[in-house]
Amino acid sequence: MSEISVELIEDLTLAQQGDDAAFTRLVEPLRRELHAHCYRMLGSSHDADDALQDAMLRAWKGIARFEGRSTLRSWLYTVATRTCLDLVESRGRRALPMDLSPSSDRAVLDDAPLTEIAWLGPYAVGELAGGPVARYEQREAVELAFVAALQHLPGNQRAALLLFEVLGFSAAEIATMMDTSTASVNSALQRARRIVADKVPAASQQQTIRELGDGRVQELVASYSTALERGDADALVALLTEDVTWSMPPLGHWYSGIAAVMDFAIEIPLTRCPSWRNVITTANGQPAIACYLGMTPDSEHTGWSVSVLTLRDEKIAGVTSFIGLENFALLGLPATK
């Protein structure tokens, strides 16, 4: 038995005897990946915070009953998944504007936030680990298109797909985790795969980024940031695909196609917004721009939106601008610049 295994056994024994510090040592190495799992299930980093906190409390209360029939990791994923399923049932699914209405052909000047909608939110990706036979890379599995597609699945299908395709658990293991049959898990997987395949592009953003290379990605993102700051419509349009989309949750309207997107961009961010300062960052494993808005170039600029960019064919195919200062703290960014 390895030294690490001995330490784990000792900490498990202590935790089952009520030692809080030992329990923390057991779960801390898995906390980050468990949080990412909760985000995939729920589509919100804040909901993931709540779910993980609740799951850790359930695990702490139940650790004395853990008999070692599965790995500790499997047991914790069971607790986290069941916690998320409870939240899915009570809170419903998260949405993006394109889930709710057709796109707008022209800029909507009086677009008001839809506060009654549970919106999909961005995610700060750290170091993530996955199962040894997982189909999806961990960063692929937090990309916006994938997480948005998951929201169209019932909770049990969402859980089965994530546990199998992302985390590498077997159908038999998932059946035990979800207290169902292997046949039910396989059926849920088949239905979930069909829905996700219809909504997720064949090439992931991670594949696209690798094919473009870091240099080209950085060039694209920097050019987008500069075009926005300078109000340069010609420079912006040169960066976009013909079928580009732009959405801005919690605003309900969104735009599809270069004509509609540029009408919106020229009418609002490029002309009606006095001054932009941008910070290049990442969210959901994708390049992103943190946009700060000010009244004049010399005034203090306050965080306005985090725009996650979707790339294709050496251009920008999608802009998802998450409006709200809370998104800046989520990504570890200052509120003003």
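Visitor: Hi! Let's start with the sheet. How many strands form it, and in what order?

Guide: Happy to. This is a predicted model, and in it 6 strands form an open sheet, in the order E2-E1-E6-E5-E4-E3, with mixed pairing.

Visitor: Which strands stand at the edges?

Guide: Those are E2, residues 254–256, and E3, residues 275–283. Each has a single partner strand, so one side of each is left without a neighbour in the sheet.

Visitor: And how are neighbouring strands turned against each other?

Guide: On average by 20 degrees, with direction ignored.

Visitor: In what sense do E3 and E4 pair?

Guide: Antiparallel, over 9 bridges. Thr282 stands opposite Pro287 in E4. The two strands form a hairpin with 2 residues between them, and Asn284 in the turn has a positive phi of about 55 degrees.

Visitor: What about E4 and E5, over how many bridges do they pair?

Guide: Over 6 bridges, in the antiparallel sense. E4 covers residues 286–294 and E5 covers residues 302–312. As an example, Leu293 has Thr302 in E5 as its bridge partner.

Visitor: Which strands does helix H10 touch when it packs on the sheet?

Guide: H10, residues 214–230, touches E1, E3, E4, E5 and E6. Its direction makes about 155 degrees with that of E3.

Visitor: And where does H12 lie?

Guide: Helix H12, residues 258–267, lies across E1 and E2 and runs at about 55 degrees to E1.

Visitor: Switching to aromatics. How many aromatic pairs are there in the whole structure?

Guide: A search finds 8. One of the aromatic pairs is Phe66 with Trp75, a tilted pair at 5.3 Å centre to centre, with 45 degrees between the planes.

Visitor: Are Phe66 and Trp75 buried or exposed?

Guide: Phe66 counts as buried at 10% relative accessibility, and Trp75 counts as buried at 16%. The cut-off for buried is under 20%.

Visitor: Why is the pair of Trp246 and Phe264 called edge-to-face?

Guide: Their planes are at 80 degrees, so the pair is edge-to-face, and the ring centres are 5.1 Å apart. The pair links distant parts of the chain, with Trp246 in strand E1 and Phe264 in helix H12, 18 residues apart. Both Trp246 and Phe264 are buried.

Visitor: Which residues do ring pairs link into a cluster?

Guide: Tyr224, Trp246, Tyr255 and Phe264.

Visitor: OK, helices now. At what angle do H2 and H6 cross?

Guide: At roughly 140 degrees, with the axes coming within 10 Å. H2 is residues 20–42 and H6 is residues 155–166. That makes H2 oblique to H6, and the crossing is right-handed.

Visitor: Which residues make the contact?

Guide: From H2 there are His37, Arg40 and Met41. H6 contributes Gly155, Arg158, Ala159, Leu162, Leu163 and Val166.

Visitor: I also spotted His35. Where is it found?

Guide: His35 is found in helix H2, and at 10% relative accessibility His35 counts as buried.

Visitor: What is His35 in contact with, leaving aside its neighbours within four places in sequence?

Guide: Ser45, Ala48, Asp49, Leu52 and Tyr123.

Visitor: Last topic, the backbone. Which peptide bond is cis, with omega near 15 degrees?

Guide: The one from Pro249 to Pro250. Pro250 sits in the loop between E1 and E2. For background, most peptide bonds are trans.

Visitor: What about Asp179, what is its phi?

Guide: Asp179 has a positive phi of about 55 degrees, although Asp179 is not a glycine. Most residues other than glycine have a negative phi. Asp179 lies in the loop between H7, residues 171–177, and H8, residues 182–199, and Asp179 is exposed with a relative accessible area of 68%.

Visitor: And Asp313, where is that one?

Guide: Asp313 is in the loop between E5 and E6. Asp313 is not a glycine, yet it has a positive phi of about 55 degrees. At 62% relative accessibility, Asp313 counts as exposed.

Visitor: Great, thanks for the tour!

Conventions:
Residues are numbered from 1 along each chain as its sequence is written. This is a predicted model: local features need pLDDT of at least 70, side-chain atom pairs count only at pLDDT 80 or more; totals for chains, interfaces and linings use all residues. Side-chain values use heavy atoms; hydrogens and water are left out. Two strands pair if DSSP finds at least two bridges between them. Helices (H or I, at least four residues) and strands (E, at least two) are DSSP runs, numbered from the N terminus. Axes are lines fitted to C-alpha atoms, for helices over the stretch in contact, and angles run from 0 to 180 degrees between N-to-C directions. Contact means heavy atoms within 4.5 Å. Rings of Phe, Tyr and Trp (its six-membered ring) pair if their centres lie within 6.5 Å; planes under 30 degrees apart count as stacked, over 60 as edge-to-face and the rest as tilted. Buried means under 20% relative accessible area, exposed over 50%, partly exposed in between (1.4 Å probe, protein chains only). Angles under 35 degrees count as roughly parallel, over 145 as roughly antiparallel, 65 to 115 as roughly perpendicular and the rest as oblique. A crossing is left-handed if the near helix is turned anticlockwise from the far one by less than a right angle, and right-handed if clockwise.
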